[in-house]
Amino acid sequence: VNIAIRSNGNYNRNDVFRSIVAMSIKASEYGKQKIKAARKNIGWTIDSDLPLLEASRILEPNLSWVEGMDWYAIAKATWRRFVEAKPVREENFKVFCEILDLEWRDISQVGEAFDIRREPQESRCERTILEPASFLRIKGPHRMGKTRMLDRVLKQVKSNLEEHSHNQTRIITVNFLNNFDLTVYDSLDNFLKSLCQTIAYELTNNYQNSTKNLTDTFQDSWHKFDATPTHKTSVYFENWLLDLPLILVLENIDRVFEAPFSLDFCDLLRGWHTKAQRGNLWQNLSLVIVHSTDVYATMDIASSPLANVGEVAVLEEFGSQEIERLVKQYDLDWDGESTAKIMALVGGNPDLVDLTLQTMANESITLDLILSVATTESGIYRGRLLKLWETISKKPHLKLALKYIIIPSTSRRVDPLILYQLESLGLVKIEGDRAIIRNELYRQYFTYLLAIEDN
Amino acid sequence: MIYNNFYKVGGDLKFQHPSYISRQSDSELYQAIKNGDFCYVLNCSQMGKSSLAVQIFHRLKAEGYACCFINLPDIGSSEVTEDSWYFTLTHKIARELRIDLDISDWWKQKGLLSSSGKFSQFIEEILLTSIDRDIVIFIDEVDITRRLNFSADNFFALIRSCYNQRVYRSQYQRLIFTFLGTATPSSLIKNSNCTPFNIGTAIVLQGFKLNEAQLLAKGLEDRTDRSKEIIAEVLKWTGGQPFLTQKLCKLIAESTDIDFALDPHIIVERITRSSIIDNWINQDNPQHLKTIQARIIDLKKLTEEFIIKLLWLYKEVLDGREIRSNSSPEQVQLRLSGLVVDLDGKLKIFNRIYQEVFNSDWVIQKLSEFSIPYLDKITAWVKSNYQDKSQLLTKESLENALNSSDGKDLSSIDLQYFNASEKELTIKEFKRKGILLGGFIAVAMIAGYLSREIFHQEIYDKYASCLKEQGIAGEKIANICFRSLTTSGEKPAIVSSYDPDLTHGIEEFKKEHYLAASLSFKKAVDSDRADPIAKIFDNNAKARLNKKTLKIAAVVPIDYYQNAALDILRGVADAQTQFNKERKNKNDRLLEIVIVNDGNKPEVAKKVSTELANDPDILAIIGHHFSGSTKAALPQYSQAKIVVVSPTSSSSSLNADVFFENINTKIFASMYANYFSSQNLANIVVVDFFDPKKSDNDEYTIALYNDFKTAIRGRGVNILNLKDSSINSIESIRSKYPQTQAILAISNGEKNSATIALAKENDKMNSKISTDRQIQLFTTHAMGDRETLSKIKESSVAMKIVGPCQNKNSPYINVAKTNWNQEDIDWRTAYSYDSTQRIIQAIESLSNPTRQNPTREGILAQLQLARLKSTELPRDKSSGFIRLDRGSLDKNIPVCVLQIEKGESVDFKQ
């Protein structure tokens with residue numbers, strides 16, 4: 001296992017930070033690909049002025065910026081360095097990420113924590129996907145490393161498939177957060193239409209050897225057929241998509257769970273899986289869905305329609321082994337007690353653990369010092385905590401629920417819908433029918449803020 | 001761990017799966033289908049319904065039957081119209097049975113038929129002719145029909161008619177339906193006249209019996225030679241519940257730390273406790289026990305009171321009290337959860353695992369999550385086997401408890417507890433007074449008996465007669481205290497008003513002295529010219545003089561939005577007066593308006609509409625008021641083919657063949673979009689007020705919001721807070737969206753005060769800054785009624801309403817002003833006049849002799865025709881208040897703006 005990790009973390013963190021200007025960041029190899037994809041999606045070339053224009057608008061919002069100016073608040077060379085994954089100033093890095101709609105921590109080398117292999121879930125995911133007619137659900141709160149794990153799993157699955165030269169399995173990923181226009185979620189018909197179109201488009205583009213041009217077949221099969229949207233979709237799959245094995249990966253499916261038709265969509269997935277298991281054409285379909293909350297919280301039913309469907313891989317926080325692996329990557333001085341110390345405060349939250357280790361590595365601060373001021377204004381977690389606070393402050397019911405959960409004297413029944421929102425934010429963990437605050441840091445900090453508010 | 005794939009936990013078992021257990025129900029279902037019966041398996045979940053169907057399906061197929069398996073959720077339920085649902089069902093059946101026909105074309109050729117009609121023609125013309133073998137159609141998860149937004153009654157009636165046809169047409173004997181699902185027959189179809197379930201064969205799924213389950217021992221044979229004994233022990237814990245039995249067997253087969261030398265009794269008990277019961281909530285995977293819990297603590301579908309009742313009922317069963325089975329909603333829910341079964345007419349807990357998981361502690365824990373003031377005492381009393389008198393309530397706390405139970409539906413335990421407390425108090429009282437012991441027992445028994453009766457009565461009264469003070473009986477519908485009202489003149493419509501002439505008229509009307517009634521009503525009209533009710537009663541009394549009347553119901557929210565109700569009734573009264581005057585022939589039937597109250601509550605609207613739909617004399621409906629109520633009522637009307645013309649419900653989400661609106665949120669939305677675009681107001685914040693817990697009255701708000709989102713596409717207008725509905729103050733808007741130019745505050749009429757408050761804050765902030773950074777506040781039509789406008793003026797705030805241009809000097813408006821003695825006629829009056837006229841015109845356009853005896857279907861057909869042809873009302877039959885080119889939403893609709901500034905209003909201007 002260790003060897004695999006070594007080859008994954010192919011550079012030494014400290015070296016990177018010593019070699020570049022302080023507070024500079026560069027994109028990881030993974031991030032470079034993401035930047036390229038996002039850039040192409042918007043239609044910006046490496047020489048385009050438009051990213052500079054957009055970035056200027058954010059950096060200097062009081063000045064009026066228009067296209068074709070002689071100079072911008074940011075240099076073209078900076079843009080080029082960013083795109084080529086060379087170090088740029090942190091501020092600029094974040095602005096470019098913002099205009100490309102990317103999460104900067106995900107694509108920078110700072111997001112190293114998410115490259116830690118997660119076991120036993122990861123091997124289990126690989127195994128499950130490779131079984132025919134499988135249904136895999138990957139579940140975990142935001143920023144727990146789901147996307148990165150999925151990327152690794154799919155890469156592994158692909159290479160396993162390629163070992164069999166005549167394997168014709170196709171893998172298509174649809175990300176509900178990026179792929180679709182928001183208005184699509186207003187109607188089931190539009191949504192399923194877009195889903196089929198996206199799959200058809202991806203198949204045509206990525207699997208050239210397919211003789212059919214799927215995007216052409218689409219219009220007829222959809223519009224000249226007055227069946228219900230779900231049935232149209234099933235028929236389209238049967239007629240056009242399932243001739244060869246297909247692994248369909250649906251990312252950020254939470255977006256669909258919030259839509260008015262979520263129940264129908266879950267029924268559709270459940271129905272497909274049942275059909276796949278019964279055999280025939282449908283056994284060519286394997287499904288992978290990735291989500292951060294449980295489905296039924298948003299629906300008008302007591303129990304999840306996907307409750308007993310397929311295999312579930314729950315992505316949890318880091319355990320001590322994972323933390324220690326990350327410590328090795330950062331090349332830090334470490335003793336056995338330190339792991340316990342850090343976990344006592346932040347649990348195994350990958351993001352917070354990584355931030356801690358990164359700070360230790362970059363700024364040569366001791367763990368004890370970081371922990372001793374953790375919940376104060378000068379603590380390193382302040383930015384993260386404030387951001388969470390801001391999110392829940394916008395929704396008073398979330399704040400109230402959090403209070404019921406962390407201040408014992410206020411304990412009260414909390415609507416499951418709200419619990420699941422808090423869970424998806426990574427603030428609480430649901431055990432059985434109880435919610436527990438994720439870690440001591442959150443407990444202390446939010447108890448303090450909630451108490452201030454009450455006075 | 002040892003991997004065992006003999007057992008299967010959850011999901012359906014494939015045909016001839018080695019661990020499939022054939023039960024009595026297998027042969028029952030098989031035989032019933034072979035006999036050609038309609039069969040249904042309606043049971044709690046995870047009892048093996050689908051597995052059973054899969055086995056029988058393959059068995060019959062092998063015998064040469066044409067079999068088809070339809071999983072109803074595959075068709076979908078949201079956004080599914082009746083036509084597409086039936087079409088899809090037809091398509092699926094044809095596809096599965098490989099019927100070689102283009103169903104799309106065939107369906108289109110049947111254009112004029114109703115959807116269910118097309119489906120039954122498909123059965124007769126296609127299915128039964130192209131397949132000459134016996135056909136079995138399995139329909140799984142049939143409970144999903146309850147989620148459809150149209151009534152599935154037709155569907156069930158159609159299945160029944162297939163069976164009725166057999167007498168005349170022998171080919172129908174070849175067609176057999178089998179339904180499966182988690183529901184009760186009565187929850188699937190209301191109308192008992194056309195239900196197929198009372199002619200069909202119910203297949204009841206029971207737990208595995210010991211002799212049936214012997215087969216399961218096979219999976220354990222390589223681990224122990226006492227496998228049969230183990231299975232017997234397993235059944236003692238699971239009661240033969242299929243899911244739990246398979247799970248427990250699998251656990252035993254896969255466990256590595258079982259000492260098989262031990263007694264089977266001990267082996268099974270240990271593993272059941274450690275792997276299922278202890279910490280069950282975290283071990284319940286795949287989910288089974290949690291599903292049961294969720295069906296009982298189902299806060300989304302059940303009220304808190306109902307859940308408390310369920311828990312207490314379950315507690316009684318748990319305590320071993322004898323509870324006879326009946327079909328009360330609590331018992332049905334408890335049985336459908338699977339937790340409790342009916343054994344020889346008595347309720348029993350299904351198995352020992354349930355009994356230990358859902359034990360007394362669980363019940364008390366769940367109860368404590370609700371606020372029950374005397375919970376500690378009542379649970380202690382129940383724990384003492386209903387004996388411990390020290391836990392009973394004192395006089396004072398009993399009174400408090402009774403007061404707080406006002407309007408609540410109490411469980412039988414609550415009642416027993418109250419009765420016991422009261423009895424104890426009475427006894428104490430007797431003792432205090434020193435009554436002789438000899439006569440005491442008899443007296444106490446009588447007192448106890450009486451108090452029980454008195455308490456039942458008192459509790460009943462408390463919620464049943466919410467309006468007792470007024471001497472008018474109310475009733476309780478879904479927690480709402482509601483006054484049922486249907487009156488043509490025989491009952492007062494408004495509780496608070498008192499007019500001796502009106503009262504006298506009502507007395508006469510009741511006695512069917514219509515002439516005398518009319519004279520009194522006429523006087524009442526003269527004394528209060530603004531009262532539309534007296535006017536309608538007067539018209540009705542006159543109409544009844546001419547024998548039979550044409551009855552139209554006007555459904556309005558009388559006790560809730562009285563002003564709106566009266567404004568609507570004014571328009572109705574005007575149209576009625578005009579129509580009745582113009583029918584001069586002595587034998588003509590005249591219009592009678594039945595005034596009906598729906599309280600503006602969807603639950604009530606549902607009930608009221610059922611009653612109206614069932615009254616064959618009612619020819620058409622005017623109403624309801626809020627879109628949410630109309631939506632709840634439409635299914636009933638659709639089924640009865642009775643037209644509904646609503647003056648005020650305008651949500652574009654209201655869809656039904658029988659529904660005709662006056663104006664539609666799409667039109668409003670498009671007007672706002674046009675206006676914003678023409679004024680270069682590009683950055684809009686929409687405040688929609690609806691709380692995350694959607695109320696039924698948000699129907700309009702949601703529709704308008706969605707329509708607005710659609711309407712602004714391509715117009716250069718943006719909603720800044722598209723993903724953010726949390727903002728609710730100007731301050732929050734300004735800080736989050738500093739570029740805001742205008743706010744659109746959508747009010748459904750209930751949020752008018754909130755809108756005014758928003759306007760105040762806006763004015764305040766606007767006054768501090770330069771003109772170019774001020775925000776304009778827009779609101780919706782629902783704020784354009786007279787009362788609200790005057791409230792806005794009082795608060796002296798600035799806002800704008802965009803809407804269709806109004807003509808306040810049309811001939812009708814001028815006449816109405818005089819008739820009702822008012823300076824201004826509300827838009828609702830004009831709209832309801834038009835709505836009533838549209839029904840009248842539909843009747844008028846019928847040809848003789850139908851015109852004299854119109855039917856619901858006839859009126860519906862005429863209105864549909866008028867809609868198709870976009871026929872406008874004749875000039876003298878229209879309020880002329882607004883003119884809309886119906887159906888066209890293009891950018892050129894004339895838009896007017898009502899601008900209110902510092903309480904000064906400028907009229908709607910183009």
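Tutor: Begin with the salt bridge, defined as a side-chain nitrogen of Lys or Arg within 4 Å of a carboxyl oxygen of Asp or Glu. Side chains of opposite charge can pair when their charged atoms come close. Here Glu254(B) forms a salt bridge with Lys250(B), and the closest N and O atoms are 3.4 Å apart.

Student: Where do Glu254(B) and Lys250(B) sit relative to each other?

Tutor: They are four residues apart in helix H10 (residues 242-254) of chain B, so about one helical turn separates them. Helices (H or I, at least four residues) and strands (E, at least two) are DSSP runs, numbered from the N terminus.

Student: Is Glu254(B) buried or exposed?

Tutor: Buried means under 20% relative accessible area, exposed over 50%, and partly exposed in between (1.4 Å probe, protein chains only). Glu254(B) counts as buried at 11% relative accessibility, and Lys250(B) counts as buried at 18%.

Student: What should I know about the model before going on?

Tutor: This is a predicted model, in which local features need pLDDT of at least 70 and side-chain atom pairs count only at pLDDT 80 or more, while totals for chains, interfaces and linings use all residues. Residues are numbered from 1 along each chain as its sequence is written, chains are lettered from A and ligands numbered from 1 in the order in which they are written, and side-chain values use heavy atoms, with hydrogens and water left out.

Student: What is the mean pLDDT of chain B?

Tutor: pLDDT is the predictor's confidence in each residue, from 0 to 100. For chain B the mean is 83, and 88% of its residues reach 70 or more. Over residues 433-473 of chain B the pLDDT is below 50. For the complex, the predictor gives an ipTM of 0.75 and a pTM of 0.58.

Student: How many salt bridges are there over all chains?

Tutor: The count comes to 56 by this rule. One of them joins the side chains of Asp243(A) and Arg170(A), at 3.8 Å from N to O. Asp243(A) lies in the loop between helix H12 (229-241) and strand S5 (246-251) of chain A, and Arg170(A) in strand S4 (residues 170-175) of chain A, so the pair ties together parts that are 73 residues apart in sequence. Asp243(A) is partly exposed at 42% relative accessibility, whereas Arg170(A) is buried, with a relative accessible area of 5%.

Student: How many salt bridges link chain B and chain A?

Tutor: There are seven between chain B and chain A. Among them, Asp267(A) meets Arg147(B) through their side chains, at 2.8 Å from N to O.

Student: How many residues does each chain give to the contact?

Tutor: Contact means heavy atoms within 4.5 Å. Chain B gives 48 residues and chain A gives 41. Buried area is the accessible area (1.4 Å probe) that two parts lose on being put together, summed over both. Between these two chains the buried area is about 3500 Å², with 46% from carbon and sulfur atoms.

Student: Which polar atom lies 3.0 Å from the side chain of Asn351(B)?

Tutor: It is the backbone oxygen of Thr238(B), which lies 3.0 Å from a polar atom of that side chain. Asn351(B) is found in the loop between strand S7 (346-349) and helix H16 (352-357) of chain B. Asn351(B) is buried, with a relative accessible area of 3%.

How values were computed: Polar contact = N/O pair within 3.5 Å; in protein donor to acceptor, adjacent residues only side chain to side chain.
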